[in-house]
Amino acid sequence: FDDPQAERHSPWPGAYPRSEAASIFYSLAMPWAHPAFRQYARTKLANMQFTSELARRLAGTGVTANALHPGMVASEFSAGNGTYGWFMRRFLSVRGINVKAGAATSIHVATSPELERVTGRYFVNQQPAPCSADAQDLAAAGKLWQLSEQLTSRVATTC
C-alpha cells in the first residue's frame with residue numbers, strides 16, 4: 001500500500017534492477033526473486049483481494065465476481081519487460097500452455113451454469129483453488145478498494 005505504482009527504486013529486494021547486468025543476474029540465478037516476478041505476485045494478490053471486496057459489495061444483486069489463474073501461458077504477456085521478459089517468453093515457449101488452453105478457465109468461470117451463483121472464489125485449471133491468508137484479508141481488501149477509488153478518481157478528473 002505504500003508504493004502502489006511500484007515507483008520506488010530501493011535496493012534489494014523488490015526494486016527493479018538499475019542495470020541490464022543486474023536484470024540478467026536475477027533472470028538466470030533467481031528468477032522467482034526478480035522484481036518483475038515479485039511485482040506480478042503483488043498484482044495477483046491485489047486482483048484476488050479486489051475480487052473478494054467486489055463480490056462482497058455485489059452480494060444479493062445476482063452479479064458474481066471471481067478471480068482466476070489461466071496457467072503459464074506461452075504468449076507475449078511479458079513483452080516489453082526487458083531481459084526478464086525475454087527469458088520468461090523463452091521459458092514459456094517450452095514449458096507453457098497454448099493460448100487456447102490458457103483461456104479455458106476464463107471461459108469456464110464466465111459461462112458454466114454450475115458457477116452461476118458462485119462468487120468471490122479463485123479458480124485454477126477450471127477448479128476452485130485455495131487462497132493465501134493475505135488474499136482473504138478483508139481489511140486489506142477494503143483498504144485496496146479505497147486506494148483504487150482514490151487512484152481512479154484522480155484519473156477521472158484529468159480526462
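## The sheet

In this predicted model, three strands make up an open sheet of mixed pairing, in the order E1-E2-E3, where two strands count as paired if DSSP finds at least two bridges between them. Strand E1 (67-69) and strand E3 (127-128) are at the edges with a single partner strand each, so one side of each has no neighbour in the sheet. Strand E2 (residues 122-124) runs antiparallel to E3 and is joined to E3 by two bridges; within this pairing, Gln127 of E3 is the bridge partner of Val124. Helices (H or I, at least four residues) and strands (E, at least two) are DSSP runs, numbered from the N terminus.

Residues are numbered from 1 along each chain as its sequence is written, and side-chain values use heavy atoms, with hydrogens and water left out. Because the model is predicted, local features need pLDDT of at least 70 and side-chain atom pairs count only at pLDDT 80 or more, while totals for chains, interfaces and linings use all residues.

## Helices against the sheet

Helix H2 (residues 35-58) lies across E1 and E2 and runs at about 150° to E1. Helix H4 (residues 99-111) also packs on the sheet, where H4 touches E1 and E2 and its direction makes about 155° with that of E1. Contact here means heavy atoms within 4.5 Å, and the angles, from 0 to 180 degrees, are taken between N-to-C directions of axes fitted to C-alpha atoms, for helices over the stretch in contact.

H2 has 24 residues and reaches 34 Å from its first C-alpha to its last, close to the 34 Å expected at 1.5 Å a residue, the expected span being 1.5 Å times one less than the number of residues. Among the buried residues of H2 are Pro35, Lys44, Met48 and Glu53, buried meaning under 20% relative accessible area, exposed over 50% and partly exposed in between (1.4 Å probe, protein chains only). Just after H2, Gly60 takes a positive phi of about 85°.

## The nonpolar core

Met48, Ala67, Tyr122, Ala129 and Ala135 form the largest nonpolar core, which has five residues; such a core is a set of buried Ala, Val, Leu, Ile, Met, Phe, Trp, Tyr and Cys residues joined through side-chain atoms within 4.5 Å. Leaving aside residues up to four places away in sequence, Tyr122 touches several residues, including Met48, Ala67, Gln127 and Ala129.

## Aromatic pairs

Rings of Phe, Tyr and Trp (its six-membered ring) pair if their centres lie within 6.5 Å, with planes under 30 degrees apart counted as stacked, over 60 as edge-to-face and the rest as tilted; by this rule there are two aromatic pairs. The ring centres of Phe50 and Trp145 are 4.7 Å apart and their planes are at 20°, so this pair is stacked. Since Phe50 lies in helix H2 and Trp145 in helix H5 (residues 138-158), the pair ties together parts that are 95 residues apart in sequence. Phe50 counts as partly exposed at 30% relative accessibility, whereas Trp145 is buried, with a relative accessible area of 14%.

Trp86 and Phe87 form an edge-to-face pair, with 5.1 Å centre to centre and 85° between the planes.

Leu115 lies in the loop between H4 and E2 and is buried, with a relative accessible area of 11%. Not counting residues up to four places away in sequence, Leu115 touches His108, Val109 and Phe123.
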